[in-house]
Each structure stands twice: as C-alpha cells, then as structure tokens.
Amino acid sequence: MKLKRILKRILKWSSLAILLAFFVGIILLFVAYWRSTNDCGRTAAPNNPMKAIVYCDYGLANLKLENIEKPTPSDDQILVKVRAASVNPLDWHFIEGTPKIMRAMGVGLRKPKDTRLGVDFAGTVEAVGKDVTQFKPGDEVFGGRDGAFAEYVCPRANRAVAIKPANITFEQAASVPIAAITALQGLRDKGHVQPGQTVLINGASGGVGTFAVQIAKSFGADVTGVCSTRNVDMVRSLGADHVIDYTKEDFTKGDQRYDVVLDNVGTQPLSGFRRVLTPKGIYVMIGGGGPNDSQWIGPFGRVINTVVLSPFMSQKMGMMMADLNHNDLTILADMMQSGKVKPVIDRTYKLSEVPDAIRYLEQGHARGKVVITVE
Ligand SMILES: NC(=O)c1ccc[n+]([C@@H]2O[C@H](COP(=O)([O-])OP(=O)(O)OC[C@H]3O[C@@H](n4cnc5c(N)ncnc54)[C@H](OP(=O)(O)O)[C@@H]3O)[C@@H](O)[C@H]2O)c1
C-alpha cells in the first residue's frame, strides 16, 4: 500500500513537472520568436555607400537593392570589387526561411538575422589587410562569402577565395564556387570515384550537375547523365557517355548498374537508387525539393532515412554538405585553366534583378548556372 502511494505521488509530480516544462518551453519559444530581429532600420545612413541586396523579412517580395556601408577589410581580409555573382538554391532557402527548422537553428525565428544574401562571387581585389600576403590589389579572384549580392565583399584571404584563371570570364568564375565544389567533393570525397567506374548523375543539367558530368569525366569515369529532353544534347556535349531523358525513361527500372550515384534532385525513392547501385555502390545525396516542398523539414526527412538505412546495407548511402575552401577552388581553377571543366551559364541578370534570377531558379529547371552581373 505504501509503495503504491509513493508511486502515485511520483507519477503526479513528474506529470506536473513535464507540464510545467512544456509551458515554460512554449513561453520561451514565444519570447524568442518576438525578440528575433535584425539591424533593419537601426543603422545610420552610410558614409561610404555601396549597393547591395538586403532583406529585412522572409519572402522574395522583401528583397531590396539598397545603399549600405561599404566594408573595410580587417587585417586578414581582402576587399573585392564584385564583378559577378551567382545564385544557388541555398539563396532561396535563406530568402524563404525554409525548411522552417533552419529558422530555429540560428537563421532567425521571425526575421532573418543576417539581412544580406548571396555567396558566390568573382571580382578584382581593391585593397588587402596588413597581414595578407597571398593577394594584392588588381588580382582577379573568385570565391564564396556571405553577402555576395553587392558591389563589394571582404573575404578572409585564407578562406574560400582563389585566383581566377585568366581564360575564363568573371561571370564564368562566379558560377563555380558552391555548385562546382559540391560536385567535386560529392564525387571525390563521398563517391570515391575511380577511373573506369560507372557514375550516374541525376539532375545532370543544373548548376551542380553540369559541373559533376565534367568532373566525373575528368576522373576517368563512364558517365550517365539524367535530364529532360531539351537538355539531352547539352549534357552529351559536356562529355556524358550516356544520357537518359527522364521524361521518357525511368533509370531505376533499367538493367544498368552504377558504382556511384550523385543525386541532385531526390526525385526517386531510395529503394530505386539502391536497385541500380552495384553491391558495393555508393549513393551520394546532394539535394532535392523546391521552395514549397516539405516546408518544415525539407530534405532532412530523406537525409534521416539515408543515414538510418545505410548501416544495414552493403551499399553506402550518405549525404554531403559542401565545404567552400581555398584548396578546392584552386583545384577547380586548374581544371578550368586546362579546359577540363567549362562553366555553363544559362541566364545573366543585373544586381537589381536578383529577385527575377531567384524566381527563375526556383522553378527548378535552370540549364547550368544563373549569374548576376555587377557593374
Ligand atoms: N549538399 C550540398 O552541400 C548542396 C550544395 C549545392 C546544392 N545543393 C542542392 O542540390 C540541388 C541541386 O542544386 P543545383 O544548383 O544543381 O540546382 P539547379 O541548378 O536548380 O538544377 C536543378 C536541375 O534539376 C533538374 N531536374 C528537375 N527535375 C528533374 C528530374 N525529375 N530528374 C532529373 N533532373 C531533374 C533540372 O533539369 P531539367 O530542366 O532537365 O528538368 C535542373 O537542371 C538543390 O536541391 C540544392 O539545394 C546541395
């Protein structure tokens, strides 16, 4: 009887504690939500202005071209006059604040914390910090830095910036960083692609895909690209040995087996990819889904599936997050210099037209890269 009474008491108090924790959690979340803000409307008029794309609230309609303070390089930074930038699906994730789980992970619950957009850039070094030895004013560079939809950026000299090869334009160089590094790291570090292996690139005609086809070929692989009818010739011209038109044929039902699958679109169930992998094959999930798909967790559901299933299979299933760094930009610069990789540019827009560029990319059918020219 005594034990029963004690158990009842424990149950009662633990239920009350859980309920209390729940309500405190809700209140804290509510407070965090309303306190979530940014520096919009709180900065003084710029003394030394430059034009940049700024957004104070989530949503494409809130993008504005504004005058803001031109950055000054710190000791380890360089000041780059941006000549071109490029757009990536990453940009619309930040613009829309989706998947919404991102907002709770530091991007900003109610409003974007960082009001600047864009990452990929190419331009000319205008000034260098006192500790910088790798670059000098006048150097033509390309790389990745938050806030690249602007007239100037200040990347750290030892981070994601490298000398632009002389044989490519600023527009071509700006199209490289995120997309080509993703393709390179996906094929080399996750796919471990070896000469003679069979590689399938799902989504071969987009930003990542057009680089992936060329990089896989440069590794000596036998490459199959998957794209829609209008892009078949383009993907073949990039060096693909075989091209599958997904509007006519479902590659997951075919007899061909692949050592590595690089999946840029996530259009097929994982079981379909497993079916076409060799017994020791590797599936590398790069991305997939548009701005309106799975608004709360986005591709994370598929990522969890992939990670949970992988230990129970002989095949390797995994995802990757690109790491923008100097060494890989230099490797890509060499590949462009030697002609092994040539960026494919679909459309170019002006800095003031960034919303139109994003709107186009959001449709999910860009043919190569979408570039912003900055004059
Ligand atoms: N994990 C990372 O670190 C990382 C880095 C960069 C990008 N990503 C992600 O990777 C994905 C691709 O990026 P991206 O820059 O290449 O995007 P993108 O330039 O918008 O390319 C999308 C491509 O997908 C193709 N596509 C659409 N439906 C398809 C289908 N059913 N089958 C095959 N292809 C199809 C389109 O070709 P058609 O016009 O021929 O249909 C288009 O060329 C995005 O989800 C992005 O968020 C991830």
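**Ground rules.** I am working on a predicted model, where local features need pLDDT of at least 70, side-chain atom pairs count only at pLDDT 80 or more, and totals for chains, interfaces and linings use all residues. Residues are numbered from 1 along each chain as its sequence is written, and side-chain values use heavy atoms, with hydrogens and water left out.

**Ligand shell.** I looked up the surroundings of the ligand and got 26 residues, the closest being Ser-228, Tyr-246, Gly-288, Met-320 and Ala-322. By class, the shell has 12 nonpolar, 14 polar and no charged residues. For the classes, Ala, Val, Leu, Ile, Met, Phe, Trp, Tyr, Cys and Pro count as nonpolar, Asp, Glu, Lys and Arg as charged, and the others, Gly among them, as polar. Helix H5 (177-190) and helix H6 (207-218) each give the shell at least two residues; helices are DSSP runs (H or I, at least four residues) and strands are too (E, at least two), numbered from the N terminus.

**Ligand oxygens.** I then checked polar contacts (pairs of N or O atoms within 3.5 Å). Ser-205 places a polar side-chain atom 2.9 Å from a ligand oxygen. Gly-207 has a backbone N or O atom 2.9 Å from an oxygen of the ligand, and for Val-208 I noted a backbone N or O atom at 2.9 Å from a ligand oxygen. The ligand alone exposes 930 Å², and the protein buries 87% of that (Shrake-Rupley, 1.4 Å probe).

**H5 on H10.** How do H5 and H10 pack? Their angle is about 95° and their axes are 10 Å apart, with axes fitted to C-alpha atoms over the stretch in contact and angles running from 0 to 180 degrees between N-to-C directions. H5 and H10 are therefore roughly perpendicular (65 to 115 degrees). The contact (heavy atoms within 4.5 Å) includes Leu-184 and Arg-188 of H5 and Asp-328 and Met-335 of H10. I logged 8 nonpolar, 1 polar and 2 charged residues in it.

**H2 on H11.** The axes of H2 (residues 89-96) and H11 (residues 354-362) come within 10 Å and cross at roughly 110°, so H2 is roughly perpendicular to H11. Among the residues in contact are Trp-92 and Ile-95 of H2 and Leu-361 of H11. That contact has 5 nonpolar, no polar and 3 charged residues.

**Loops.** I found a cis peptide bond between Thr-98 and Pro-99, with omega about -5°. Pro-99 sits in the loop between H2 and H3 (101-107). His-192, a residue other than glycine, has a positive phi near 45°, and His-192 lies in the loop between H5 and strand S8 (198-202).

Definitions and conventions: Near = heavy atom within 4 Å. Polar contact = N/O pair within 3.5 Å; in protein donor to acceptor, adjacent residues only side chain to side chain. Parallel < 35°, antiparallel > 145°, perpendicular 65-115°, else oblique.
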